[in-house]
Amino acid sequence: MNSQNNNNLREKAADEAFCTSCGTVIKKAAEICPHCGVRQKGRILTSDVSMNWLTLLLLSIFLGIFGIDRFYAGRIGTGILKLITGSFCGVWWIIDLVLILTDKFKDSRGNVIRRESRA
Ligand SMILES: [Zn+2]
């Protein structure tokens, strides 16, 4: 009785993603879902394809004071502002760090950069 819904409920691995149509866990590289046969479009818009949350977090911790995390996310304008102001004496550095840790940091297209394990 445990086996029926395992396919949908198990957590996806780092190289996996959820099908945009049926929600089954499939390989990130897959263009067409082997389960429902629907072509995966729009997945490029989910941030975990282009932006890596862990990379962003590490950049923010070590180089966030220079705005490097914002450069990474494509937010060049605020990245430069962060760089020349020294993150307003570190205040902005802390704010961005909290935003990243709480999955609220957005890239230049307004997509939230989330942890890989989240759907
Ligand atoms: Zn599918």
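Let's start with contacts along the chain of this predicted model. Among contacts between residues at least 6 apart in sequence, 34% join residues at least 24 apart. The chain has 119 residues, and 19% of them count as buried.

Now for the parts list. The chain contains six helices and two strands.

Next, look for the largest nonpolar core. Nine residues form this core: Met51, Trp53, Leu56, Leu59, Tyr72, Ala73, Ile100, Phe105 and Ile113. The biggest contribution comes from helix H3, residues 53-63, which supplies three residues. As a general background, nonpolar side chains in soluble globular proteins tend to be buried together.

Finally, follow the chain to two other helices. Two packed helices are described by the angle between their axes and the distance between the axes. Helix H5 (residues 76-89) and helix H6 (residues 91-101) pack at an angle of about 85°, and their axes are 4 Å apart. H5 and H6 are therefore roughly perpendicular to each other. On the H5 side, Lys82, Ser87, Phe88 and Cys89 meet Val91, Trp92 and Trp93 of H6. Sorted by class, this contact has five nonpolar residues, one polar and one charged.

Methods:
Residues numbered from 1 in each chain as written. Predicted model: local features only at pLDDT ≥ 70, side-chain atom pairs only at ≥ 80, totals over all residues. Core = buried A, V, L, I, M, F, W, Y, C linked by C-beta atoms within 7 Å. Buried ≥ 20, exposed ≤ 12 C-beta atoms within 10 Å, placed from the backbone. Contact = placed C-beta atoms within 7 Å. Axes fitted to C-alpha atoms, helices over the stretch in contact; angles between N-to-C directions. Parallel < 35°, antiparallel > 145°, perpendicular 65-115°, else oblique. Nonpolar A, V, L, I, M, F, W, Y, C, P; charged D, E, K, R; others polar.
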